[in-house]
Amino acid sequence: MCGIVGYVGEKQALEVVVSGLRRLEYRGYDSAGVAVVADGTIQTRKKAGKLANLEGLLGDDPLPQSTTGIGHTRWATHGAPNDANAHPHVSGDGRVAVIHNGIIENFAVLRAELEAAGVTLLSETDSEVAAHLVSAELAQDPADLVAAVRRVCQRLTGAFTLVIVHADFPDLVVGARRNSPLVVGVGDGENFLASDVAAFIEYTRDAIELGQDQIVVLRRDGVEITDFFGEPTQVTPFTVTWDASAAEKGGYDLFMLKEIAEQPKAVADTLLGRIGSDGLLQLDNMTLSDHELREIDKIVIIACGTAYHSGMIAKYAIEHWTRIPTEVELASEFRYRDPILNSRILVIAISQSGETMDTLMAMRYAREQGSKVLAICNTQGSTIPREAAAALYTYAGPEIAVASTKAFLTQVVACYLVALYLAQVRGNKYGDEIATIVNELADMPGKVDLVLDTTEGVRELAQEFADAPSVLFIGRHVGFPVALEGALKLKELAYMHAEGFAAGELKHGPIALLEEGIPVVVVVPSPRGRGLLHEKIVSNIQEVRARGAKTIVIAEEGDELVVPYADHIIRVPACPTLMQPLVATVPLQVFACELATVKGHDVDQPRNLAKSVTVE
């Protein structure tokens, strides 16, 4: 969602803030703005549209030099994406500037209160009320900006991150966090605030996690963190394990292309160091005891979007390797249907950012009902792994493109590691069996590499079908969630109708969508091991072709049985059934990326989408 940057130090604040916003563009936004404290005043510039529009405005109407500043990229919730609704928002006296991420749920009551007091609001946003409330509170005690912010935060409900500067406090930036991401960057003679460490990674890798309902006071010589009532709180410092170059394109035209190419390394890094000196599987941050894991009699996976598809794949592996009944739930629906939860249920929450609001709220609900929660996440210091009872980090590095690629593959791998760990603890599999599967996983980076070396044909296919009105995807077993993921990528990037189906469901309705020339992508299971599934999907392919559709078949090397029924074949390396999603998904990512490029779309920042959905 929205990007936030705050800075106080010795550098020119505008340069730091704008470079930080540029690194946060991937989050999705529709306007941008900055504010600096200079010469006893607050100076702001803001503009609808891309960051380039703001930079053009700054070129025409420069800001004064300053070493304290804040910046924001907004993804519209309350109010249209225009100049007036862009952040920062300023109080009526022009002394307070506020940027905000999230939703202030009681803003209507607060707005009415302000208007009754004679305050004129200039925007349609919920955010602007915070600037006026801070100004009103500060009038009671002009010497203590931090106390004023605390009192305002106590009145707000909902999810919010606020970052505030004031004309009378030129070396001070104040931040507040509830249910919305905010992280501190600690430098030498300078300090940073941001919604993502990517904003300040150019300057420092030392960071501090902010917890729920905390206030941070930023000065150039230090950082002070308290709760909303001024009480000191425990904080967790950490070091970002990647550097600024990891967030750059590295010679690729698109971040998405770079991240697709990084998948072999991401998978390998996620597997690295998982076998201990005793030969047993070990997981970082696995704070649930063996006894607690043996008591588990059901698993529920909660996630959204691409992460939900990784959870669907995980269900096959968990039930196969552990025999524990497993459900996969959309986090956005989970807590609203009054699910049955107890202490013997393990909830696995999957989120790339660790800030997905639907998943976070579902996870909190599960904890309240007594369930144990294990988080699978790619982002150090984020809320979901911090609040979970245990966590397993994927090591995909920064994922900048909005459409997820390497995060998906590493989530699948992480889920497999959890399944094998449960099988080890509960005695479902012998050590040599687990070692064999881990070795099979260790072979997968090389096999993904092979797929990446043979994508030219996929690119040509994308160009051929760029004008298709719709693309359908079908699969069986783990191929079904792969089909769903392939369809999602086309929706996100190419803005076209795409649907994924379980191949066996074709005759139960979806076959009515088939017509002459429509492309149908078929994810074919290996003929080895699950031969019956292979026979059935070959029958599905024939059904599709009989109705004039064009079949694009993803099949492993050596599978000749599909050749007579395929208009186009995309080959992937042979691998065990449960490993196939790690290779079969890659051509679908390339297909969507190329098709969107042919259509002239912004692949890294598709319309209406944000990288991290931090509101419900």
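I started with the largest nonpolar core, which has 127 residues; Ile299, Ile348, Tyr416, Phe473 and Leu490 touch the most other members. For my notes, a nonpolar core is a set of buried Ala, Val, Leu, Ile, Met, Phe, Trp, Tyr and Cys residues joined through side-chain atoms within 4.5 Å. Buried means under 20% relative accessible area, exposed over 50%, and partly exposed in between (1.4 Å probe, protein chains only). Helix α13 (residues 406-426) gives this core its largest share, 14 residues. I also found a second, separate core of 30 residues, with Leu133, Phe160, Ala176 and Phe228 among them.

A reminder to myself: this is a predicted model, where local features need pLDDT of at least 70, side-chain atom pairs count only at pLDDT 80 or more, and totals for chains, interfaces and linings use all residues. Residues are numbered from 1 along each chain as its sequence is written, and side-chain values use heavy atoms, with hydrogens and water left out.

Next I looked up helix α16 (residues 479-494), where 14 of the 16 residues are buried. Helices (H or I, at least four residues) and strands (E, at least two) are DSSP runs, numbered from the N terminus. Just after α16, Tyr495 has a positive phi of about 55°.

Most residues other than glycine have a negative phi, and most peptide bonds are trans. Asp39, in the loop between β2 (31-38) and β3 (41-48), has a positive phi near 55°. Asp39 counts as exposed because its relative accessibility is 75%. Finally, I noted a cis peptide bond between His87 and Pro88, with omega about 5°.
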